[in-house]
Every structure is written in structure tokens, then in C-alpha cells.
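Here is a friendly set of notes to read alongside the model. Keep the structure open and find each residue as you go.

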Amino acid sequence: MKQSILILFLLNIIVNLYSQNTGVLTGTVIDKNTQEELIGATIMLDDTELGTVTEYDGSFIIENIPAGSYNVSASYVGYRPLTQYNIVVTSGNDNTVNFQLEEETIEIEGAVIEVNRSISITTAENPNSIQRLSTEEIKANPGGNFDISRVVQTLPGVTGAIGVGGFRNDIIIRGGAPNENVYYLDGIEVPNINHFSTQGSAGGPQGMLNVSFIEGVTLSTSSMHARYDNALSSVFQFDQRIGNPKSFQGNFRLSSTEAALTVEGPIGDKVTYLASARRSYLEFLFQALDLPIRPNYWDFQYKVNYKINNKTSLNFIGLGSLDDFSFAAPQESSPEKEYIIRSNPLINQWSYTTGVSLKHLIEDGFINVALSRNMFENRLDKFEDGNDFDENFRTLKSESQEIENKLRFDINQYKNNWKYSYGGSLQYVKYNNDYFNILREEIQDGTGQVVQPALILDFDSAIDFVKLGFFGQVSKRFLKEKMNVSLGLRTDMNSFTDTGMNPLKTLSYRLGTSYRINDKWSLNASTGSYYKLPIYTVLGYKDDAGTFVNKDNEYIQSYHYVLGTEFIPAPRLRFTVEAFYKDYNNYPVSVNSGISLANQGGDFGAIGNEDVNSIGEGRTYGIEFFAQQKLAKNFFGVLSYTWYKSEFTGISGEYIPSAWDYGHLVSTAIGYKFKKNWEIGLKYRYAAGAPYTPFDMEASQLNYATLGTGVLDYSQLNQEQLPAFHQVDIRIDKKWNFKKLTLDLFLDLTNAFYIKQFAAPNYTFERTEDGSDWLTTDGQALNPDGSNAIPLLLQNESQLITPSLGFIIEF
């Protein structure tokens, strides 16, 4: 760490002599409701005299801007002014900021607007439970490592999977499972945004989206628009910028975990492109830590924009990944390291999403049409006692593919202060799985009596079916624009499940309203019902007779109820308080274990390859507080607190705390910009102790030799609790601006205060000192039933500071 700080200091002395400090800001201004370009809109850099007006195509350019961070405002007669905060101007790249202004349809005579409400991102359709992150907030987030999945955990009601161990990116929203969230990239659905993802869930150790593409991220945790299907907890909307329309530029990022190259530019007068490739160096990090895991990934991303004319444009997007998760012998053996090698599967995955979307402006509105295809291939292998690829010791094999071909369209119009949209979707789905899994071996006693029968899943399935969806949503302002009301309806169907083609079974509503008490205070409320089709690993499961036994499953249903308030005392300061309640029905419950699948998804591998019944219920409820300070006097930050409960029923019908029932969440992230382009950020996260399930010691001893893990005692589901989670992350950035080149050197310290972290204990048998064999009570070979083993509970604790020193070159 001392060497890293010294390097920063020396570089600062050397290159300050040669740096220069001007950059370029470009962008567009359009009407939010009709998407039409606004000609003559005024753009100003706050607290400066720098500004311009938009040209005939709604574009603008401001040159010779001193490098630094600015709040940038756009205004236009008859429209609400809008400010974009913390826009970083550098000399290496042209910097882009785009505005969508909303028409001010009523002028309130004699009214005095004292506060610019740009910091509020609520809309008529989303009156509450909505947050937005800018690209700079993602890049500068301490401990975020440019990973959106980690950055969003500073927002209210959002956390990761605490207590499962390892380096995971699971996103838990208001106590719901990780697979209850959906992700859209420029309006095209992306099934998963993480490398090494858990099939049937959504998490993994590293995100795959390149932050250099992202213009902003909007997260809706309730009052979700009716156009989105399959969302029970949240919708993530990732807006990608277009490539530089004037000239070629790019950036190269290198850190201790990855290297990434991004390039962009024009192709003729009407086409722009963005393209990137990234390679991980996580295997070197884990090797340096002498951990036996070796994750290795590549990802690729592109966007091509073709502006056919001033009314029609095409976007071509793509996102792909290659993932390989293997193991290596550690230099120093320990029970913890040996457990990692023998308890986790080998993972080989690849995925892609590619699509084209068309936007066409019509009278008072616009039409969106999107055609896309995504594919996910997942190969899992696991062998008894780490005997990799010896078929005599195989305990798990899964070769599966998920393929979706999607057509979506929506029509959006704004007339006479009414805003409405309607549309539909058509999907053709294919899923196949060659699956073998030993859940337990047959165990006999000394007389040959069977004390435990074998339980082995062995099937080869292939399904294909159609999914349909239709929606409509309308909203209007009343009472001189003080009150907003929105109503949406949606229905979804599929041709696979027994009742899937009945549109009335999934007919759902969204109802939201907000009332502006004055220019600072507003009240809001919303309710809605949401449906999600069971995951493909559930639908594709076959029993021994070759029957798809889960065809009788219903759509999972969740009702949302939210009541909140928003207070904006100053243009750059916002406070929100919200109370929420979510009520779940038809949640899949495992026939084998009797527990709800809502508890699963925080481990590597896959979930759902089993017989389930749609009998589970659930409830999550709580209250959230959020404070946000946008860039003011070089300071910015957020603070959030959430208290909540998360409970689900299993086969017994009793409400039991879920695996995500952490109780209290606290998160804060602050940043300060010093002179000469120095910046420091600090993030603190707290989560009350995560619940976990203890082991069935007898069943664990019988089965550990085969499974490589202990067997949980589900009669005590989530009845134990870990100590609270704390973590402090620190990030230091220093930028130097040269002519047409910017160097950003950063130091990121994860868990900077060296706080001990806790995860659920692991069950294993004691091994010899070098880890090559078992220790037994009689000195003989391990018995098949583990009766002569020496059980050992590993306290799953870690205490590491993870430094990441890297740089970004803009050219």
C-alpha cells in the first residue's frame, strides 16, 4: 500500500509539468414524451459562463472547457429545466451528456418555483421506488470495481448475498430472491449480467457490462411499468450511449483484476459504433491470495447506431461472455482450501445476447420494435473427492442450453396531457439439459442392510414453447399538475404449462399516484400485481418415468403495496422515505427438501432441477430511508437505511425467515473532489446477521464422502444467525489531462479497515496435513458410510484487504 501511494505521488510531480486542461462536451436534447429533437435549447455549465444552444438536430457542442467536474443544465421554453450532475470533462475523450426534457403543459399563474427538481427521477408511471445511477457514480464507487451489480448495493432496499461465502454479485431487492430481477439493455432483455452465473438464479462473482458504454442505470423496485414481464422484485434499465459521431476515440483500463479496451467513432455521416473486449486477471489475484479457485473470463460488447433520418433510427447491440471456473492446488494446504476444491463444481459457460431495435417517431409519440436472441450454455462437472474427470467418481454432470428468440413492440403517445403506451411481445423458447446428479449414495451397514437408499437424478430433457404478453398503460396529471395518476394492465401466456394459455390467470394491474404538496414535499403511493414464469430448470425437469412433472406449476405471483414521501429542500439534495409490503403466491416448493426455492440462488452451479409444487407463499415488508446529495462544493454522497422482514412458507405452510432476511441494512458512499483532479471516495456497508441452516450431523457423515458438502437440517431452516456484516471501501483517483490524452490512476481498497467477515460454517472430514487423504478413527481407509471419519465444522471466516491499483488511458 505504501508503494502504491508513493507511485501516485511521484507521477503527480512528473506529469503535472506537461498536462493541459481543456476538454469538449457534446450531447443532444430531445422531448421526453415524443423523442423529437429540440432546436434552440440552452445548455449551461452551472456556476460558469460556458454554454451554447442546440442545433437543427438537437445536438450541441461546447469546446475549451477546463478539465474538471460540472453540473450541466438544459432549458427550453415550455419545458421543465433539467440538470445532469457530476459530469466529468477530460481532454482525452469528447464527453457526452444527453437530456430528455418534459413539457410543462400548465403555467400556474403567480406561482414561484423555488427549487429545481431535477434530482427527482419519479415519473407519472413510476411515482416511487425508483433510483438512477450515472456513469460517473458507477466508475467512482469505492469497492465497486466498475461493477454495476456491486454499486447498486448502496441504494435503499438493495443488498448482496451475505453469509454464503465467496465473491458473489447476487442482488437481493427488498428481501426477494436473486432471480426476481430482470435486466434491459437499450430496451432489449438480457437474462443475466454476471459471469459464472448460477443457472436458474442471477448472481456470479463479476459483472459483464462495460461501464464505458453506460449512460445511466435506472432501478425500479416497485411500480414497475406494465411493459416489463417476469419481474417480481425489480427492473434494471441500462441506457447505453452512442459512439462519438465526430471522430475516433477510446480508452484502455488495466487493474489487478482485468484489462479492457473500448473504441468508438463514426462510420460515415449516419452510423456510429462502440465496441469493447475485456479479459479477467482474477486467477492471478486468487493465486496471489493462495486460494485454489481459478476463475477466468472474457466478455465482448458492441453497439452500432444508424440514424436513417430525423424520425427513424436503428440500434444494433451485442453482449457476450466466455467463462471457465477451475481449481488449482494451493501452495499451503488447509482444511478450508481443500473444502473449496471438493465442494464446488467445475464451471464452463458461454452466453450471448444480440439484437436490433428500431425507433420511429410518429405524431405525438414514437414506436419501438426490438428483435433479439439470447443463448446461455452451462456445463457443470463435479467428482467425488476432487477426482476430476474420472467417470467412476462423477457426482454431477449438467450440460444445458437456454435459448430465447424475442420480438417486442410498443407504441407511446402523448396527447392533451394524457400519456399512454401499449404493446406486446412474442418469444420462442428452447431449453435442453443432459443431467446427472447423485443426491445421495446407497449406504449399507456391515450386514448388508440398506440404511440409506440411493437418490440419483438422471434425465435428458428438451422443451420448446411460445410465450406471449400484452400490456397497456395510461397516465395523466391533474389539479394543475400537482397530482399524477397512472394505471397499467398486463397479461402473459405460455404454451408449456397446463394453464399457461389462460390470459385471465395472469391478468395483472399497476396503479400509482403522487401528489405535490408544494415545491419541496410530495406524497406517493402505488400497488400492483406481478407474475413470473417458473425458471427453465424447473420446467425442464423429468422424473424417472420421463414425465415433465412440473407442467402443472403456476406463474409465481407477487402483490406490491408502497407508501412514501419525497422531500427536496435544495436543488441538489433529496430525501425519501418509503414503506413497502410484498405478498407472494404460488412459489415453487421442493418436494425433496420441503423448502421454498425463494431460499436458493446464492451458490455456484444451478437450482431448480427437481420436482416442485406451486404451493409456497411469502411476504416481505419494511421501511426505507434514503438521502442523496448531488455534486455541490466538490462533495457528493448517498446514505440509505432499510429495515425489513423476509419470510416464506415451505411444505409445512409455516412462515419461516428466508435466507435473505437480514433485518437491517445501512449503506453510505461519499466522495470529495480536490484541486488538480484528485478525488477520494469512501463507502460503508452494514447488514445485520444473515440467517443460515445448521447441518444434519448424522446425514452429513453418511453422505459427505460422495457429495463433498454437508447435508442441511431443513427442520431448522434458517434458525441460526451469523454475526453482522461490516465493510469499508476506499478509492483514490488522480487524473492528468494532456493534449488528446487523459491518464486516470486509481487505488481501490476493498475492506480497507481489515474487518472480519463471516459466512455459514462448512462441514467436512479431517484430512492429513498435506490434504492428500482422510484421517480416520481406526487408521484405515474411509468407510463408505463415513462411520470412521472425523467430522469437522469449518468456521467460514475471512479477514482480507483487497487492493486494486490500476489506470485508465483515454485517447
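What covers the buried residues of α5? The cover includes β22, β24 (365-383), α7, β45 (762-765) and β46 (791-794).

1. First, what you are looking at. This is a predicted model, in which local features need pLDDT of at least 70 and side-chain atom pairs count only at pLDDT 80 or more, while totals for chains, interfaces and linings use all residues. Residues are numbered from 1 along each chain as its sequence is written, and side-chain values use heavy atoms, with hydrogens and water left out.

2. The overall fold. The chain has 7 helices and 48 strands; helices (H or I, at least four residues) and strands (E, at least two) are DSSP runs, numbered from the N terminus. Its radius of gyration is 27 Å, close to the 28 Å that the globule rule gives for 811 residues, so the chain is as compact as a globular protein of that length. That radius is taken over C-alpha atoms, and the rule is 2.2 Å times the number of residues to the power 0.38. Along its principal axes, the C-alpha trace spans about 95 × 70 × 45 Å.

3. Inside and contacts. Of the 811 residues, 57% count as buried (under 20% relative accessible area, with exposed over 50% and partly exposed in between; 1.4 Å probe, protein chains only). Contact means heavy atoms within 4.5 Å. Among contacts between residues at least 6 apart in sequence, 67% join residues at least 24 apart.

4. The largest nonpolar core. Such a core is a set of buried Ala, Val, Leu, Ile, Met, Phe, Trp, Tyr and Cys residues joined through side-chain atoms within 4.5 Å. The largest one has 32 residues, and Ile138, Ile148, Val152, Phe236 and Phe238 have the most contacts inside it. At least two of its residues come from each of α3 (148-151), β12 (181-185), β16 (214-220), β17 (234-240) and β22 (312-327). The largest share, 3 residues, is from β16. A second, separate core of 30 residues includes Ala177, Leu232, Tyr662 and Tyr692. In soluble globular proteins, nonpolar side chains tend to be buried together.

5. Back to α5. In this helix (residues 335-343), the buried residues are Lys337, Glu338, Tyr339, Ile341, Arg342 and Ser343. Part of their cover is α7, and Ser700 lies in that helix, at residues 697-707. Ser700 counts as buried because its relative accessibility is 0%. Leaving aside residues up to four places away in sequence, Ser700 touches Phe695, Gly710, Val711, Tyr763 and Phe765.

6. Two loop residues to check. Ser129 is in the loop between β8 (99-101) and β9 (130-134), and its phi is near 55°, a positive value in a residue other than glycine. Phe146 is in the loop between α2 (135-139) and α3, and its phi, near 60°, is also positive in a residue other than glycine. Ser129 is buried, with a relative accessible area of 5%; Phe146 is buried as well, at 3%.

7. Not counting residues up to four places away in sequence, Arg408 touches residues including Glu189, Asp229 and Asn368. Arg408 and Ser357 are 51 residues apart in sequence and 9.1 Å apart in space, C-alpha to C-alpha.
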